[in-house]
Protein chains: 2
Amino acid sequence: MGRVGQALTRLVLGHGRRLRLQYACLADSTGFVWLAEETSDEALRELLVHKENGRKLVDQPLGHRHGELSPIEQADGLEGPVVLVDCTASDEMTPMLTEARQQGTHVVLANKLPLVGPLARYQALTGQAPGELRYEATVGAGLPVIRTMEGLLATGDEIQSVQGCFSGTLGYLFSRLEDGVRYSAAVRDAWRQGYTEPDPREDLGGLDVARKALILARRIGCAWELHEVAVEPLYPAEMSELSLEEFLQGISTLDDLYAQRLAESQAQGKTLRYRAQVSGSGCQVGLAAVAQQGRLGALRGPENIVVIRTGRYSATPLTIAGPGAGPEVTAAGVLSDILDIVGKG
Amino acid sequence: MGRVGQALTRLVLGHGRRLRLQYACLADSTGFVWLAEETSDEALRELLVHKENGRKLVDQPLGHRHGELSPIEQADGLEGPVVLVDCTASDEMTPMLTEARQQGTHVVLANKLPLVGPLARYQALTGQAPGELRYEATVGAGLPVIRTMEGLLATGDEIQSVQGCFSGTLGYLFSRLEDGVRYSAAVRDAWRQGYTEPDPREDLGGLDVARKALILARRIGCAWELHEVAVEPLYPAEMSELSLEEFLQGISTLDDLYAQRLAESQAQGKTLRYRAQVSGSGCQVGLAAVAQQGRLGALRGPENIVVIRTGRYSATPLTIAGPGAGPEVTAAGVLSDILDIVGKG
């Protein structure tokens, strides 16, 4: 139960009664707490504060260690539809999620990892099952990306390509470069302000964007593995070996390279974006010079954009843009998935 | 059964079997045809061709005049969920739509008129009823505008404002002005190519955009009447009295006005758009100078854009853009509503 799980709990505490949602179980990496139906909002709020203070669920009076009780067996006793929500960043959940769907429990993911593992595991997870599967929050957080694609596919449209900028962190970085800031200074600033992962190479390497691109590619029927996504990282391979401190020092050597690439782009009326492209012919993630006045070029700061071309939206695509990261909008994406499922009875 | 109804029928003929949809009745202004469950796709296709050739349903061998049979009574015998789809541009349907929902028939609208009539009728139509009501196609055609707003509201967000460009025709017009074409020439071209209504004053008057703005305003809880939407038409009131021919002649007198307004905007790095603005404090539709590099200024041609600001999406809004008119995307919006309802069982 990390920041997204906490934001979701706060949302449900605010609106859950109206929505007739009821927490049955809260889990983190240490253990879980089983909540009785009569558990008050006050008790749930106490658990939330406990987590927000950086403490472990297993240390709660009601906390159990994983393995002590089986959540899936406990869920058997629940009335109404049961939704298992994965807001972790762990790949270990996948077998449990797959099993849960087979047993009729619905699954909602903010966690990308179960969707980008080996194809056979992806197919087992996403195949026909009594329980539904939704994962809106995995791409663009609360932006209606996956549901829009689902709607197009359901009404018989054919998705020809999806492209866009799926990383708020990298969007922020390129806005700073446009403002004339050096690459190394922009990265260090973003890192210092907590806009990047603790090691900024996780953002700069492009893997997170590649995962999102693969999720979209697989959704439109491309049976690819993650290693088949062509990724251009924003630092040379040899810098992977450095310590974090060495890396943050060493990136000054990249300043001229990116300043020059930006200047070359701008000389042609273009600017730089970290772009993902998905189509039936392949999946690429990397630096691209795009028209300043175009859809991607017009982005500012951490905004995400998804540009969908289909049989119906061909000459002019369908575009969705907005903030695509942060615990609150991610939790809202998860909640909208839950409500879609629960609304169906 | 006009162009949208025909496009919808073509869509259902293409995908209806997979979607387990079945036409029960087709209607136009002259009458209706009741289709038995065993009616083949071939028979439906013949009816469609009949309509596409500009003929009337009442002239079909199976055609009935309105009043001869009650469609609602006939619908009583149907199995599974029944959806009444209104793709007309008539206000006369409203009582029947309201009654249908009360009797458990679901209602899907591409027709804006039932949603913009007197408030009491709107409230009767949209109030609690056993049958659901959806109207995605009324704003932005197939763009996911209403469902995105519904999702935000359902998850407890607060919609603070919606603004955008909701008229493809007026978007096209302002792109031509930016290309240096005179106002009168741009209007006459658009009219000649069939991009406007038969009388272009219907587009230029802004009423259609005002209707869309009111639909969004009412959805976020503003209890306003259509006359409370402030509308700035793109021709002076005295030109309403002219014949179509006189009007198309007379608009040359407006060329200097709009050329000057555009030049003034451009001198400030802005451009002109026909903008709708909806917030709790009011609803305005009219000409606006907007930043060339902003979201509205970046629009090209007939593209629509909807910019939603909420509690969660405040500093940076949620934006949806794309083609917002045309029978095919409108029909797709209708079909997505039908599938949402049918998917719920």
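A crossing of two helices is left-handed if the near helix is turned anticlockwise from the far one by less than a right angle, and right-handed if clockwise. By that rule, helix 1 of chain B passes helix 14 of chain B in a right-handed crossing. This is a predicted model, where local features need pLDDT of at least 70, side-chain atom pairs count only at pLDDT 80 or more, and totals for chains, interfaces and linings use all residues. Residues are numbered from 1 along each chain as its sequence is written, chains are lettered from A and ligands numbered from 1 in the order in which they are written, and side-chain values use heavy atoms, with hydrogens and water left out.

**Helix packing in chain B**
- Helices (H or I, at least four residues) and strands (E, at least two) are DSSP runs, numbered from the N terminus.
- Helix 1 of chain B packs on helix 14 (residues 327-343) of chain B at about 50°, with the axes 8 Å apart. Axes are lines fitted to C-alpha atoms, for helices over the stretch in contact, and angles run from 0 to 180 degrees between N-to-C directions.
- The two helices are therefore oblique to each other. Angles under 35 degrees count as roughly parallel, over 145 as roughly antiparallel, 65 to 115 as roughly perpendicular and the rest as oblique.
- Contact means heavy atoms within 4.5 Å. Helix 1 of chain B brings residues including B:Val4, B:Leu8 and B:Leu11, and helix 14 of chain B brings residues including B:Ala331 and B:Leu335.
- Helix 1 (residues 3-19) of chain B also packs on helix 2 (residues 41-52) of chain B, at about 165° with axes 10 Å apart. That makes the pair roughly antiparallel.
- The crossing of helix 1 of chain B and helix 2 of chain B is left-handed.

**Strands in chain A**
- Three strands of chain A form an open antiparallel sheet in the order 1-2-3. Two strands pair if DSSP finds at least two bridges between them.
- Strand 1 (25-27) and strand 3 (63-65) of chain A stand at the edges with a single partner strand each, so one side of each lacks a neighbour in the sheet.
- Three bridges join strand 1 of chain A to strand 2 (residues 31-34) of chain A. A:Ala27 has A:Phe32 as its bridge partner.
- Strand 4 (residues 83-86) and strand 5 (residues 106-109) of chain A pair in the parallel sense over four bridges. A:Asp86 is partnered with A:Leu109.

**Chain symmetry**
- Chain B can be laid on chain A with an RMSD of 0.0 Å by a turn of 180° and a shift of 0.0 Å along the axis. Copies are superposed by least squares on the C-alpha atoms of residues with pLDDT of at least 70 in both.
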